[in-house]
Amino acid sequence: MPSLSLSVRIDPNSGFCFGVIYAIQMAEDLLDEQGYLYCLGDIVHNDEEVHRLQLRGLRIICHEQLAELRDEAVLIRAHGEPPSTYKLALENNLTLIDASCPVVLKLQNRIKTSFDKREQIFIYGKHGHAEVLGLLGQTGGRAVVFESLAELMTHELPSALTLYSQTTKSTASFYNIKSELESRGYQVNANDTICRQVSNRDKDLRRFAAQFDQIAFVSGTKSSNGKVLYQVCKDTNPRTHFISNVDDIDRAWFQPGQSVGICGATSTPMWLMEQVREALVGL
């Protein structure tokens, strides 16, 4: 079969954000030292990277397994954890290696301060997401989480409310929600806590995706950020393909001599994008 001779380039701005880099570096250092390490939940929402670290000795556990664990070290991933996790660790003599992202920790502290002031807190975020559970924990589970304006309006809203956001949500959507609430007469104390390293990728990705005949967007299926950024690429370049690993690549997508851009989520490792590049060059 003749080569397609594709011209392939990786987006230099894609790949791990600093919070994920920090957590994975910490995990690798500890794995080098002791050969194994417990991690509460997937260290990153990318199955390929999780599998790589599991082969090195990372042991992924859930909260139920954490409750049974004694006298061990456990890594807290970048998403952060609610206060109940820290309380359990004390009771079970667990050493927590806290790799919570500094942006997430700052947000947790701000929500806790608002809660202590008895403000009515509403969090724009994904139900059940690890970061959101950590945020909810700052309010004893009393804040309201919503995924869209339509869902928010199903609640009986107070005349004055405090609005927060999961760090990886769309900035534009957050401000649209704020404006819509204000236009309906609500007093909104809006706290823009969206990570700029994530939100700035929106503009960078649009510029990148527009330059190529085809886009290979590499991400884990569990990544919320991946779903958002994939849609950004797709809106800019309809010939965008979602790829979790090299097995997802279909030769039929491409025409000989086409240019292909590779980009990914903040949870996508550079080594995986490089594997995809090698596979595309080899078509």
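Trainee: Which residues of H9 meet which residues of H10?

Mentor: In this predicted model, Val-198, Arg-201, Asp-202, Leu-205, Arg-206 and Ala-209 of H9 meet Asn-225, Leu-229, Val-232, Cys-233, Asp-235 and Thr-236 of H10. Contact means heavy atoms within 4.5 Å. The helices are DSSP runs of H or I with at least four residues, numbered from the N terminus. By class, this contact has 6 nonpolar, 2 polar and 4 charged residues.

Trainee: What makes a residue nonpolar, charged or polar?

Mentor: Ala, Val, Leu, Ile, Met, Phe, Trp, Tyr, Cys and Pro count as nonpolar; Asp, Glu, Lys and Arg count as charged; the others, Gly among them, are polar.

Trainee: What are the ground rules for numbering and confidence?

Mentor: Residues are numbered from 1 along each chain as its sequence is written, and side-chain values use heavy atoms, with hydrogens and water left out. Local features need pLDDT of at least 70, side-chain atom pairs count only at pLDDT 80 or more, and totals for chains, interfaces and linings use all residues.

Trainee: Why is H9 called roughly parallel to H10?

Mentor: H9 and H10 pack at about 30 degrees, with axes 9 Å apart. Angles under 35 degrees count as roughly parallel (over 145 is roughly antiparallel, 65 to 115 roughly perpendicular, the rest oblique). H9 is therefore roughly parallel to H10. The axes are lines fitted to C-alpha atoms, for helices over the stretch in contact, and angles run from 0 to 180 degrees between N-to-C directions.

Trainee: What is the hand of the crossing where H9 passes H10?

Mentor: Right-handed. The term applies if the near helix is turned clockwise from the far one by less than a right angle; anticlockwise is left-handed.

Trainee: What makes H5 and H6 roughly parallel?

Mentor: H5 and H6 (residues 130-137) pack at about 30 degrees, their axes 8 Å apart. By the same cut-off, under 35 degrees, H5 is therefore roughly parallel to H6. Their crossing is right-handed. Val-104, Leu-107, Gln-108 and Ile-111 of H5 make the contact with Glu-131, Gly-134 and Leu-135 of H6. The classes are 4 nonpolar, 2 polar and 1 charged.

Trainee: How do the axes of H1 and H2 cross?

Mentor: The axes of H1 (residues 18-34) and H2 (residues 47-55) come within 11 Å and cross at roughly 20 degrees. H1 and H2 are therefore roughly parallel to each other. H1 passes H2 in a left-handed crossing. Ile-24, Glu-28 and Leu-31 of H1 meet Glu-49, Arg-52 and Leu-53 of H2. That contact has 3 nonpolar, no polar and 3 charged residues.

Trainee: Now the spaces. What makes a space a cavity, and what makes it a pocket?

Mentor: On a 1 Å grid over the protein atoms alone, a cavity is a set of points where a 1.4 Å probe fits but cannot get out; a pocket is an open set with protein on both sides within 12 Å along at least five of seven lines. Lining residues have an atom within 4 Å of a point. The count comes to 1 cavity of 30 Å³ or more.

Trainee: What is the volume of the largest cavity, and what lines it?

Mentor: About 300 Å³. A volume is the space filled by probe spheres set on the points, which are joined across faces, edges and corners. The lining has 22 residues, with Cys-17, Val-20, His-79, Thr-168 and Thr-266 nearest the centre. H1, H5 (102-116) and H10 (224-236) each supply at least two. The lining divides into 11 nonpolar, 10 polar and 1 charged.

Trainee: Which helix gives the most to the lining of the largest pocket?

Mentor: H9, with 7 residues. That pocket holds about 240 Å³. Among its 16 lining residues, Ser-170, Thr-171, Ala-172, Ser-199 and Asp-202 are closest to the centre.
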